[in-house]
Amino acid sequence: MKKEQYALITYLLFFVVTATVVSVLYKRNQQLQEYDLIQNKLEQLKELDARIDRDLLLNLSFYSSNYDALAESSTRIDTLQREITKQTTRFSQDEPEFKTVLQQYIQNSTRKKRQLERIKSLSSSIKNTLQYLPTVINELSHKITASRHDPEDLRFRINQLFGVLLDYNIFPRHDKKQLLEEKIAELESLSNHIYQKDLNNILSHIQANLRMKNQMENMLRSYNKMNINKELSRLQIIHTNYFTEQTKNSYIINLVLIILSALLFISLGYVIQNLKKAHIRARINHARLYDAIENINEAFALFDAEDKLVLWNRQFELFYPKIRKQIREGISYNELMAAAEALGQFKNNNIPRLHTSNDLQGHTKELEYLADGRCFLTSDSKTSSGGTACVRIDISDQVKLEEKIIWQANYDALTRLPNRTLFLDRLAQAIQHAKRDSTLCALLFIDLDKFKDVNDTLGHDVGDILLVAVAERLSSCIRKIDTASRLGGDEFTIILQEISSTHDAASVAIHIIKKLEEVFQIGEHEIFISASIGITVYPDDARNSTQMLSNADMAMYQAKEAGRNTYRFYTEEMNQEMKTRLQLEKDMRNALARNEFVLEYQPIIDSQSNKVVHAEALIRWQHPELGRIAPDKFIHLAEETGFIIQLGEWVLRTAVTQMNQWLKDGLQPFSVAVNISSRQLESDILIKLLSELLTEIPLPRHALTLEMTESLLIENSSRSNNALEKFRELGVNLSIDDFGTGYSSLSYLKQFPVDILKIDKSFIHDITQDKDDAILTNAIIDLAHNFNLKVIAEGVETIRQLNFLKQNGCDMIQGYYYSQPLPADDFYHYCLKQNRQQNSLKPSNGT
Amino acid sequence: MKAVFPRQAFKILVSVIIFTVYISLFFAVSAQANHNHLITSETLSDEPIQPLHAHEDLDPEKITLGRRLFFDKRLSKDNSISCSSCHNLAHGGTDNLPFSTGVNGTTGKINTPTVYNTHLNLAQFWDGRASNLIEQVSGPVENPLEMAANWPDIIRKLDQDRDFMRRYKKVYGNKLKADNLIDAIATFEKSLNTVNSPFDRFLAGDKNAISAQAREGYQIFKSYGCTACHQGANVGGNMYQKMGVMADYFEERGTPITEADLGRYNVTHDDYDKFTFKVPSLRLVVLTAPYFHDGSVSSLEQAINKMARYQLGREISAEDVQKVITFLKTLVGEHKELTQSAAE
């Protein structure tokens, strides 16, 4: 059995036994009182009876002249009898004898009382006669004396008679009665005298007295026989016996109960001891609980089923410092939170709710934000007793970290503008918004012009500062609902929401362009930049964010192509062009594998010897569907997409292999020129490739020429110079293509280690008609020769052009006059034929 | 544990002591006897007439409530009469009629006795059929010739009376009971004592409290033997006596004998008790004409003459009668309800 149960049973037993003892004692006490009461009354009755006898005696012997005492005793007896009858109703049921005797007693008592009353009445009347007789006898005596006439000695005889009467009244003896009767008879026999009337009156009273005296004697005799004391004593005995018996029984019961009580007292002591132990255990547990809840980092509070605070730790107070004074036992959660709200404990006065609902897990978790920036994770769970255990975990650091991660994921660290991720999200939202509200939304794609120059010339640090400044200016140009973001590098976007027309977008674009044209003062540098902006509008141009972004991008390219520092709206044509480009790009990548590219070689003839001394390798694309595609249609695309690297490698390899083959086949040594694009120069890939290729396929020195444009050299001046030196070390010639169309700055001729200049065909075309072109061409040739460079004239188509060039000392001629670009085999035959002709024309020079 | 033990022992000790005290208390209570005071022996006095004292130890609240009921007509069946209708407290506690009128004009069969000083009587009613006032109250209330009511009806009527119930509850608790109503009325009646009469003052030693003629009247009253019956504090009321000891009253009255004339016989059914009545008190006799149980005598002179004749068997002179009347007047005491004086 468990100790608690034992304790409970002991308690119960103790109280049951105590209650029994008490009730038994109480009942006994009641009985004793009742006994005492009845006995007392019976005793009183006895006493009253004796008193009545005494008072009656006093009355009869003339010691008392009134009956008040008797009357009072009589009334008291009545009352007592009634009380006893009433109070012994129950007792009488237990003891029928008592009832019988009591009834008998009352009956006798009533009889005695009635007898008493008769005696009283009679006694009064007797007294009257005795009191009256002297008066009336005296009157008669006076009469006789007055009349001096006393026949028969009447006065004496009456007085004598009265004397005997008194004697009899005091000592009533039979002989005296006889004497009295004789005397009365004597006086009655006297007749016919003047005192007859008076005498009769006296005699009648005497006779009445005698008669009543007689009655009195009888009554007193029977009264004396009425002994009611016997019955009263009997009642007392019956009553006492009964109670003696009762007491005996209850004594045993009492004894047993008291022993039982004592035993239970000992048990109670044991229980108390156990309780004490339990108390100590409870205290230890409490201390442990206290230690536990005080040593956790979480705030803890326990509310009972009535939602009253019963337990909490210090952390709970520290978590809510503003309501620290309000936290006290018995306060309800709602009161506490109301106080906290009043004191501004919570952020936005957002009162957290105490979760007492019975959800499946029995606990709920929510976040609670405080005004001071802290954030708690609330965990309220139902306790087994129906209360609520309320736990608060401070997750402020986690929340801050999360916020930081979220920020980093969505914002650009440098400019603090939304990044690509957030931008796409916002764009999607803006589209949804526009769709819902049937408004317009525009996307502006902004690319800074020439930003790369800034980075290259002033360093990345300045470039970064500039980007931040640009971001600030962009942000200043837009409304709050709009979003400026940085996609990366120098690319920015702006989402304009709820615009009424495309014109609004244009206005913003113009504003931005103007704003960015203003000088940027960064440190000591004054920087001028511009921007190209592509604009697209939802829902006019696109249906989704991806499309919008690509539209804007396209439009931006258009702006760039239109000369930068301007904006362009996206048009359907742009899209078509883009599609074509994309298709082309796709085909182009496949074309390499399918061998759709071929190289053609245009011979370059020495103006003096008329021999093939040079050849320019030109790429051709035999598209399976579109047929032959000119290089200007796809080279640019290849450059943009970076495919130029692969294509360039293929071209080089093909040209070198071809050249090697030709030399093996016995062609006279000459140099093959391959065009190099700026992308190829951006990395060291080309150098690496060349050195590998030339190791693999060794060519004589100067058998390979790399052609590049003026602008390429200028744009990559620092890198170019380094690369060019490397090329030369590998025995590769360098030529400048399209000379005269670019910067027309001649300083670089000195700067770069170039071997050949190629005069652009635009000069050559009108060389015979345009004097300026002729002068310019001459100047270039002279200049080149002065720098010790060879000159090739491109696009020579007529004999006149040829002659002019020959006259002016141009070293080599390229053009349709001699030959169009030829496939490798044709070129081989052309070379054989041309060189043979020359050999036959000049046999002296043949080797 | 060392520190714990004494406290624990102390607790047990205290419990034991409390229990012991508890038990002994019961024994002590049971040992206490509930003794009533026994009647003290009364002083013997030379004078047959004793001074009248007010009844002590009456609850004033009960008296007030009893008085209310005494004057309450709802105690009669048709709410027409109250106790005071026949027992006019201002006029000696009777209605001065031979027979009183009950509800619906019925006429009683016996003369209404005074309600003053009644608790001194050895029994109530002319024939003493009620041994005390408690038993007496229901008599007139339930008598069809008098109030003709019953207690359940009365209780129903009184229960509606908020003001009455408020007073009642103060004294007897919430439940309205006939016993309590009777007790209240009886208590009020016990308070009706005419104390401090000139004669009582005389008895107390003030010889000039009554006139010489009254003193002479008292001597005559005693010498004629009147005090044989009319004695005690109430000048009567403490014994029974046959009407017509020395002569036949009823034969000479000339009217047929009624049931009421049988007197105490109606209670004891003993022939000896025929024509025996409780001796009436003479305290207010000068105010309570007409006289005798049959109300047949309207003047006190006549009554005295008849008493002398039938009870004492003698004649009394007119002069002595006047002296006796003068004496009887001095018996009238004082009570706030009693406004009529003996002089009137």
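Trainee: What is the N to O distance in the salt bridge where the side chains of A:Arg118 and B:Asp273 meet?

Mentor: A salt bridge is a side-chain nitrogen of Lys or Arg within 4 Å of a carboxyl oxygen of Asp or Glu, and for A:Arg118 and B:Asp273 the N to O distance is 2.8 Å. Keep in mind that this is a predicted model, in which local features need pLDDT of at least 70 and side-chain atom pairs count only at pLDDT 80 or more, while totals for chains, interfaces and linings use all residues. Residues are numbered from 1 along each chain as its sequence is written, chains are lettered from A and ligands numbered from 1 in the order in which they are written, and side-chain values use heavy atoms, with hydrogens and water left out.

Trainee: How many salt bridges and polar contacts does the rule find between chain B and chain A?

Mentor: The interface of chain B and chain A has three salt bridges. A polar contact is a pair of N or O atoms within 3.5 Å; within protein, one must be able to donate a hydrogen and the other to accept it, and residues adjacent in sequence count only if both atoms are side-chain atoms. Between chain B and chain A, 16 residue pairs are in polar contact, with both residues at pLDDT 80 or more.

Trainee: Which elements of chain B give two or more residues to the side that touches chain A?

Mentor: Elements here are DSSP runs numbered from the N terminus, helices being H or I of at least four residues and strands E of at least two. On chain B they are helix H1 (4-31), helix H9 (212-223), strand S1 (240-242), helix H11 (265-268) and helix H12 (300-312), and H1(B) gives the most, with 13 residues. By class, that side of chain B has 28 nonpolar, 22 polar and 10 charged residues, where Ala, Val, Leu, Ile, Met, Phe, Trp, Tyr, Cys and Pro count as nonpolar, Asp, Glu, Lys and Arg as charged, and the others, Gly among them, as polar.

Trainee: How many residues does each chain bring to the contact, and what area do chain B and chain A bury?

Mentor: With contact meaning heavy atoms within 4.5 Å, chain B brings 60 residues and chain A brings 56. Buried area is the accessible area (1.4 Å probe) that two parts lose on being put together, summed over both; for chain B and chain A this is about 4,900 Å², with 57% on carbon and sulfur atoms.

Trainee: What area is buried between domain 1 and domain 2 of chain B?

Mentor: Domain bounds come from an automatic or database domain assignment, which for chain B gives domain 1 (60-190) and domain 2 (198-329). The two bury about 1,800 Å², of which carbon and sulfur atoms give 60%, and B:Leu122, B:Trp126 and B:Asp127 supply 35% of the area that domain 1 of chain B buries against domain 2, more than any other three residues. Between these domains of chain B there are zero salt bridges, although 10 residue pairs are in polar contact, both at pLDDT 80 or more.

Trainee: How many aromatic pairs are counted over all chains?

Mentor: Rings of Phe, Tyr and Trp (its six-membered ring) pair if their centres lie within 6.5 Å, with planes under 30 degrees apart counted as stacked, over 60 as edge-to-face and the rest as tilted; the count is 35. One of them, A:Tyr320 with A:Phe376, is edge-to-face at 5.9 Å centre to centre and 90° between the planes. The pair links distant parts of the chain, 56 residues apart: A:Tyr320 lies in the loop between helix H9 (314-319) and helix H10 (333-342) of chain A, and A:Phe376 in strand S4 (residues 375-382) of chain A.

Trainee: Where do the prolines of the cis peptide bonds from A:Tyr538 to A:Pro539 and from B:Ala289 to B:Pro290 lie?

Mentor: The bond from A:Tyr538 to A:Pro539 has omega near 0°, and A:Pro539 sits in the loop between strand S11 (530-538) and helix H16 (545-561) of chain A. For B:Ala289 and B:Pro290 omega is about -5°, with B:Pro290 in the loop between strand S2 (276-278) and H12 of chain B.
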